[in-house]
Amino acid sequence: MTGRVAGLLGLACLAGALAAFGVPAAALAQEAMIGAPQPWGMGLQASGGPIKDAISSFNALVFWIIVAITIFVAALLAYVVWRFRASANPNPSRTSHNTTLEIAWTVVPVLILVVIAIPSFRLIYYQDRTVDADLTVNVQGRQWYWHYGYPDNGNFTFDSYPVQTEDLQAGQMRNLEVDNPLVIPVGANVRVLTTGQDVIHSFFVPSLGVQRYTIPGRTLETWMRADRPGTFYGQCNQICGVNHWFMPIVVRAVPQAEYEAWVAQARANFAQGLPPGPPVALAASNAPGAPAVATQINVAEVRR
């Protein structure tokens, strides 16, 4: 109960800080989501957008098909062991061909593969690109960090480096935090154009259902959409060198008003030769005099 009261007080303090920055109180109506690995987690990460919804649905379809096949094969093996054991069948059959069975065990697997293939191809095409993009971001993989660009918002670019273990603040996740996250507006179809600077990397954010290689000399396209505010963690899952395991991705989805405020802040910072800076909500929580609990609201939600 004490932890719940403290959390409510923290949210109240955060709401006051956001109000001071002109962020509508309605932005807090949706609970911030954390897309990250869970201790002892099983299955896929929770979905933060429509692409991951489709992936989860397809995963469930294939899972239940596998369950049905496993049960059928196990039952068939059990029947064969019981029916054709030596004591019950001392004179085994010498039948070498059974046309009906041969047709069945050829046609049935083909039909199962067709049932799997049709939604699989639809999902691949759905993930490929969006025809009505609200925003385009450029993603470049580098050894060993990420380089982001916003061509629709003044064409500013910045680097996103991993936060070292010794520099982590309270509540941050080891090997998953970065200094400058990729910021997108909630509900926007974001076109993602990927390329590589040196070797092949992979832009992979599980909770948004996004994975695309970044290949030097080529530009690949995909898209993503976050349907609720939150922070979504990913990593490069391509073996791209000695630090391939330490190349985290952080995508922060914020309300449209907060996104526009962040873009204005980023432009001003770049005019002064500074990095883009955190989103408004995070900046508000780090303002002088703000309670420490406010800085941990988002990350703490996943650990309640």
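Let's start with Leu 76. It is partly exposed, with a relative accessible area of 43%. One thing to keep in mind throughout: this is a predicted model. Leu 76 lies in helix H2, which covers residues 50-83.

Now the salt bridges. How many salt bridges does the count come to? Six. In general, side chains of opposite charge can pair when their charged atoms come close.

Take Asp 128. Its side chain meets that of Arg 129 in a salt bridge, at 3.0 Å from N to O. Is Asp 128 buried or partly exposed? At 25% relative accessibility, Asp 128 counts as partly exposed. Arg 129 is also in the partly exposed class, because its relative accessibility is 47%.

Asp 128 forms another salt bridge, with Arg 212. Here the closest N and O atoms are 3.5 Å apart. Look at where the two residues sit. Asp 128 is in helix H3, residues 99-128, and Arg 212 is in strand E8, residues 210-214. So this pair ties together parts that are 84 residues apart in sequence.

Next, Glu 221 and Arg 191. Their side chains meet in a salt bridge as well, at 3.3 Å from N to O. Glu 221 is in strand E9, residues 220-224, and Arg 191 is in strand E6, residues 190-196. That links distant parts of the chain, 30 residues apart.

Why does Glu 221 count as buried? Because its relative accessibility is 19%, and buried means under 20%. Arg 191, at 23%, counts as partly exposed.

Asp 128, Arg 129, Arg 191, Arg 212 and Glu 221 are linked in a network of salt bridges.

Arg 191 brings us to strand E6. Which side chains of E6 point to one face and are buried? Val 190, Val 192, Thr 194 and Gly 196.

What does E6 pair with? Strands of a sheet pair through backbone hydrogen bonds, either parallel or antiparallel. E6 shows both kinds. With strand E2, residues 135-142, E6 pairs in the parallel sense over seven bridges. Within that pairing, Val 139 has Thr 194 as its bridge partner in E6. With E9, E6 pairs in the antiparallel sense over five bridges. There, Leu 193 stands opposite Glu 221. That is the Glu 221 from the salt bridge with Arg 191.

Last stop, an open sheet. Four strands form it, in the order E1-E10-E11-E5, and the pairing is mixed. Which are the edge strands? Strand E1, residues 33-35, and strand E5, residues 182-185; each pairs on one side only. Neighbouring strands of this sheet are turned by 15° against each other on average, direction ignored.

Inside the sheet, look at E10 and E11. Strand E10 spans residues 230-235, and strand E11 spans residues 248-254. They run antiparallel, joined by six bridges. Tyr 233 stands opposite Val 250 in E11.

Finally, a helix. H4, residues 256-271, lies across E5 and E11. H4 runs at about 135° to E5.

Notes
Residues are numbered from 1 along each chain as its sequence is written. This is a predicted model: local features need pLDDT of at least 70, side-chain atom pairs count only at pLDDT 80 or more; totals for chains, interfaces and linings use all residues. Side-chain values use heavy atoms; hydrogens and water are left out. Two strands pair if DSSP finds at least two bridges between them. Helices (H or I, at least four residues) and strands (E, at least two) are DSSP runs, numbered from the N terminus. Axes are lines fitted to C-alpha atoms, for helices over the stretch in contact, and angles run from 0 to 180 degrees between N-to-C directions. Contact means heavy atoms within 4.5 Å. Buried means under 20% relative accessible area, exposed over 50%, partly exposed in between (1.4 Å probe, protein chains only). A salt bridge is a side-chain nitrogen of Lys or Arg within 4 Å of a carboxyl oxygen of Asp or Glu.
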